[in-house]
Amino acid sequence: YSAGYAFTAIGAMMTSGDRELTIYTLTLNTAVYAVSAYIFVQPFWLYLSTALVPLIALLTLDYHQALTAPWVAGFFMALSFLYFAAGQWLDRRSGHASGTVSPFAMPFYAPSYLLSAIALVVASAEKSLALAIYAAGAGLYAVSAWALREPLFLYPAVWLTTVPYYLLMTLTPLHSRWYGLGWLPLIIVCITAGRYAFPARQPRIGDFRVLLLALARPATPFYLLAYGLTLLMVAVSWQDQPVLACAFAAATVVCLASAALFRRTAWLYPGLTAAHASLATGTSFYFSAASAHAIALPFLALSWTLALVGLFFSRRATPPRPTTGDWAFTGHLAAPGWASPFFQFVAFDLIFWQLVALPAVDKTVVLGVGYAALLALFATLWVDAALVYAALGYLLLTLGSAFRWAELPFAFRMACMA
């Protein structure tokens, strides 16, 4: 035995000067090692056989002057599928329990994924070649996840789809400024696939162990890609203000839809933040530097909208919470549920945007009247004395700004105020 296997190595070394003879020798050695694995029932020999086949392929391509990226990438990816199929056949033939891998199948699985990685690297230099090879690689890992019942293979399967998707996007008439928003269909597909193809309830991330369990869930690769692409969508659109406003609006839809799909109020916070960013970005485009304070005006309508949505949710809360009494608004701001994020953002808007509008008297008057009416409405609904004082404070601020705008004498202002 030792002499026989020594001769296989010696024969390969003696033919190193003749490319054609080297190919024949290595092919015979591959057959010898494969037969040895069968005779001695030892999977070690299969590792040698599966490692020699790609080497023989490279030598053959070089001999025929076809050692180019398309040939290498295409052959390696095809060999990856062939090795995977051979591993599956050996797995089923060995009769191993589900979830385990036969020792004879592993020499095919390991080179399969290594060759696929090499094929992806080789194909990255050419757009058309990368489109086909990356799509094939995603298919290989998707089939692996299904056949081996291993959710971790879904990570490369899902994430590799971004390359052919982007390359297809570049082949369309879509202008490059819209490439960020171009990811939105893929984001929707990933969230939908994760939610309905793998409908297991997603755990709350409380500690490291729970985090690891969540990462092993089949839906997690889809969600990570979807929300990562959401951030990328905004980042890519940063240089173009109108497109950025649209990107923030799309992120708002994604986050609010996620809150509804997963029944998680935490998604409301990034969703409402993106809504504010979208409105600020979209409206500031139309205001000059001299009228920059006018950016606060659209947020008056947004504050009313958020307050009414929060009121709708608070009245549908189960179990119902007390909605009246002094300082009732603090309970609505801090209570868990769907209403509190809306009320918290309204509270922020009441203070922040009024401060933004203060240097402009006319804008201060408009916002003061609108916010005073909003506070008066909720003071009436909740019978909250604290909101009455807040509404009166905004009313006094509005009157003071109006008098200053009209340039009335100080004594006349005080008389009207009284």
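Let's start at Val383. Val383 is exposed, at 52% relative accessible area. The cut-off for exposed is over 50%, so Val383 qualifies. One reminder before I go on: this is a predicted model.

Where does Val383 sit? In the loop that joins α18 (361-382) to α19 (385-406). Look at the backbone there. Phi of Val383 is positive, about 50 degrees, and Val383 is not a glycine.

Buried or exposed, then, for Gln65? Exposed, with a relative accessible area of 77%.

Next, helix packing. Two packed helices are described by the angle between their axes and the distance between the axes. Take α10, residues 184-197, and α12, residues 220-236. Their axes come within 8 Å. The crossing angle is roughly 155 degrees. Angles over 145 count as roughly antiparallel, so α10 and α12 are roughly antiparallel to each other. The crossing of α10 past α12 is left-handed.

Which residues make the contact? On the α10 side, Leu184, Leu186, Ile187, Cys190, Ile191, Ala193, Gly194 and Arg195. On the α12 side, Phe222, Tyr223, Leu225, Ala226, Tyr227, Leu229, Thr230 and Met233. By class, that contact has 13 nonpolar, two polar and one charged residues.

Keep Met233 in view. Leaving out residues up to four places away in sequence, Met233 touches Gly180, Leu181, Leu184, Ile187, Ala247, Ala250 and Ala251. Leu184 and Ile187 are also in the α10 list for the α12 contact.

How many residues does the largest nonpolar core have? It has 70. Those with the most contacts inside this core are Phe84, Tyr113, Ile133, Ile187, Ile191 and Met233. Helix α6, residues 127-148, gives the largest share of this core, ten residues.

Gly4 is in helix α1, residues 2-14. Gly4 counts as partly exposed because its relative accessibility is 41%. Gly4 and Val32 are 28 residues apart in sequence. In space, C-alpha to C-alpha, Gly4 and Val32 are 9.6 Å apart.

Terms used: Residues numbered from 1 in each chain as written. Predicted model: local features only at pLDDT ≥ 70, side-chain atom pairs only at ≥ 80, totals over all residues. Heavy atoms only, no water. Helix = DSSP H or I, 4+ residues; strand = E, 2+ residues; numbered from the N terminus. Buried < 20%, exposed > 50% of the residue type's maximum accessible area, 1.4 Å probe, protein only. Axes fitted to C-alpha atoms, helices over the stretch in contact; angles between N-to-C directions. Parallel < 35°, antiparallel > 145°, perpendicular 65-115°, else oblique. Left-handed = near helix turned anticlockwise from the far one by under 90°. Contact = heavy atoms within 4.5 Å. Nonpolar A, V, L, I, M, F, W, Y, C, P; charged D, E, K, R; others polar. Core = buried A, V, L, I, M, F, W, Y, C linked by side-chain atoms within 4.5 Å.
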